[in-house]
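Have the sequence and the coordinates open as you read.

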Amino acid sequence: MTRDTIHCDALVIGSGAGGGAAALELAGAGREVRVLEEGPLVPQERITRASPAENLRLLYRQGGLVPIHGAPTIPFGEGRCVGGTTVVNGGLFWRPPDHLLEHWASTGVDGFRAHHLAPHLAEAERRLGVIDQPPGRGNHDSVLLAQAADRLGWRWAPARRAVRGCRHANRCVTGCPTGAKQSMLVTYLPAAERLAAVIEPDTRVLRLEHDGTRVTVVHALHHGRRLRYLPQTVFLAAGPIGSPLLLRRSAIGGRGPGRAIALHVNFRTVARFREPVRATEGTIFTAQLQEFADQGVRVMPGNLTPGSLAAALAAHPAGTVDRMLSHLDHLAVYTTQVSVQGTARLLAVPGLGALLRHHLTDADRDLLRTAFRHTADLLLTAGAVELLPPAPAALTTPAQAADFALRTRPETWDLISVHAMASCRMGPPAHGGVCDTHGRPHGFTNLHLCDASVLPGATGISPQETIMGFSHLLTARYLDRPTGT
């Protein structure tokens with residue numbers, strides 16, 4: 001065997017929620033496991049020492065600004081480091097609703113109902129210390145949301161978060177500086193390493209060589225050195241963009257991978273209150289409005305720093321930003337998450353890599369307007385004296401907020417996304433499915449997808465627990481099969 005050829009039993013590509021769960025399941029079963037991660041290993045100590053701006057560059061793909069072109073262009077954020085997006089998300093950990101799993105089953109993706117997933121979700125929650133997190137000392141923005149929801153008779157819930165000993169440092173999205181957030185970096189991957197799994201950072205997979213039914217060679221690049229892995233089994237968890245892009249480069253799945261990527265889109269509303277809120281001292285997402293969850297709309301307090309405020313007001317005049325910064329202690333930023341029907345499409349452009357385009361439907365535009373009206377009603381009821389919406393305006397009354405929602409076009413709004421899914425969705429080929437219910441691209445026997453890309457559709461909630469539940473279940477079912485089948 002030459003130095004650049006590595007034989008292995010199980011090869012996991014990607015180290016985020018899906019890859020981490022698969023690696024631990026496989027290592028726990030005694031399999032020889034290698035985990036390939038395109039991004040760097042950034043130890044917890046370095047995350048703690050670095051500034052938020054430095055961590056943006058270290059931990060995110062393209063500094064957190066992967067554009068999804070369309071009207072409007074939507075920045076997409078995902079992690080690119082050992083631990084993947086779990087290192088830079090809000091730590092939210094919501095179980096997939098039973099009705100969603102039943103709907104997926106009705107579309108031909110059975111075997112993932114609530115009773116199938118329940119033991120795997122419970123195990124993930126136990127390992128990650130998931131709790132209903134109460135507000136911290138500085139989370140008055142969450143208290144205001146909950147109080148307003150109660151006055152309106154609207155449902156809300158404390159956040160379910162994967163944390164142990166949260167100190168409310170308000171830096172979740174640039175890497176927890178205390179290690180309290182239970183990302184794959186500090187939980188599953190070290191546990192897998194203790195079981196002899198090998199984590200290989202800075203290793204970009206270029207192509208999967210195959211014979212039409214089995215992956216035979218995985219070609220990768222590590223600091224300019226070409227490597228050839230000869231695995232028995234491959235678990236692909238390179239993310240909702242990376243997984244379909246790799247399949248396309250490898251001529252697997254035809255035009256299916258990346259053809260219809262499901263998205264949640266977010267918009268931010270800055271609220272100024274008469275009394276101090278001091279949201280800079282709190283923790284992201286400690287309460288969530290769920291009254292309109294069946295419509296695909298959820299509202300929660302977001303991260304507030306001077307930098308995040310400037311980003312939220314990027315479309316507003318410079319004078320507005322300066323004025324709001326002078327009122328920083330009286331401000332809160334609320335994130336409204338909307339599950340849209342329109343999808344994004346992946347185009348592989350030679351020399352440029354992935355190019356993403358999205359299309360909002362008329363129903364999506366109507367839903368975004370409705371979501372803003374609900375958000376404005378909530379925040380004005382909470383006592384906000386001024387709202388700055390996701391397009392240049394300053395609103396102080398319900399009538400102004402309703403008029404804004406009616407007259408402005410969501411194509412001009414400042415939208416972002418941090419949740420993409422279903423880019424290689426499970427399902428019958430006749431219904432656009434790329435993978436079978438074992439996560440295998442149709443016709444393949446030793447390649448399993450186990451990340452957000454394989455979900456049958458948008459979750460409507462933060463997807464990490466759904467991803468991990470699917471990955472645990474898919475890997476456990478693989479391990480139940482006799483070797484070689």
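This is a predicted model: local features need pLDDT of at least 70, side-chain atom pairs count only at pLDDT 80 or more; totals for chains, interfaces and linings use all residues.

Residues are numbered from 1 along each chain as its sequence is written, and side-chain values use heavy atoms, with hydrogens and water left out.

**Helix pairs**

Two packed helices are described by the angle between their axes and the distance between the axes. The axes here are lines fitted to C-alpha atoms, for helices over the stretch in contact, and angles run from 0 to 180 degrees between N-to-C directions. Helices (H or I, at least four residues) and strands (E, at least two) are DSSP runs, numbered from the N terminus.

| Pair | Angle between axes | Axis distance |
|---|---|---|
| H11 (362–381) and H12 (398–407) | about 165 degrees | 9 Å |
| H6 (140–152) and H11 | roughly 105 degrees | within 8 Å |
| H1 (17–28) and H13 (464–480) | roughly 30 degrees | within 8 Å |

Let's start with H11 and H12, whose axes pack at an angle of about 165 degrees. That makes the two helices roughly antiparallel (the classes are under 35 degrees for roughly parallel, over 145 for roughly antiparallel, 65 to 115 for roughly perpendicular, and oblique for the rest). H11 brings Arg369, Phe372, Arg373, Ala376 and Leu380 to the contact, and H12 brings Pro398, Ala401, Ala402, Phe404, Ala405 and Leu406. Contact here means heavy atoms within 4.5 Å. By residue type, the H11–H12 contact has nine nonpolar, two charged and no polar members.

On the H6 side you'll find Leu145, Ala148, Ala149, Arg151 and Leu152, and they meet Asp377, Leu378 and Thr381 of H11. The H6–H11 contact comes out as five nonpolar residues, one polar and two charged.

Then there's H1 with H13, another right-handed crossing. H1 supplies Ala17, Gly18, Ala21, Ala22, Glu25 and Leu26, facing Gln464, Ile467, Met468, Ser471, His472, Thr475, Ala476, Tyr478 and Leu479 of H13. The H1–H13 contact holds nine nonpolar residues, five polar and one charged.

**A helix with a buried face**

Which residues of H3 are buried? In this helix (residues 52–59), they are Asn55, Leu58 and Leu59, where buried means under 20% relative accessible area, exposed over 50%, and partly exposed in between (1.4 Å probe, protein chains only). Looking down the axis of H3, these buried residues fall within an arc of 75 degrees, so they line one face of the helix; the arc is that of the directions from the helix axis to the C-beta atoms. They pack against helix H2 (44–49).

Ala71 and Pro72 are joined by a cis peptide bond, with omega about 0 degrees. Pro72 sits in the loop between strands E3 (66–69) and E4 (74–76).

His223 isn't a glycine, yet its phi is positive, about 50 degrees. You'll find His223 in the loop between E9 (215–222) and E10 (225–236), and it is exposed at a relative accessible area of 63%. Phe285 has a positive phi too, near 60 degrees. Its place is the loop between E11 (262–273) and E12 (287–289), but Phe285 is buried, with a relative accessible area of 14%.

**Residues worth a click**

Phe292 lies in the loop between E12 and E13 (297–301) and counts as buried at 10% relative accessibility. Beyond its neighbours within four places in sequence, Phe292 touches Trp154, Val297 and His374.

Arg226, in strand E10, counts as exposed at 56% relative accessibility. Leaving out neighbours within four places in sequence, Arg226 is in contact with Asp4, Leu206, Ala220 and Leu221.

Note on methods
Ala, Val, Leu, Ile, Met, Phe, Trp, Tyr, Cys and Pro count as nonpolar, Asp, Glu, Lys and Arg as charged, and the others, Gly among them, as polar. A crossing is left-handed if the near helix is turned anticlockwise from the far one by less than a right angle, and right-handed if clockwise.
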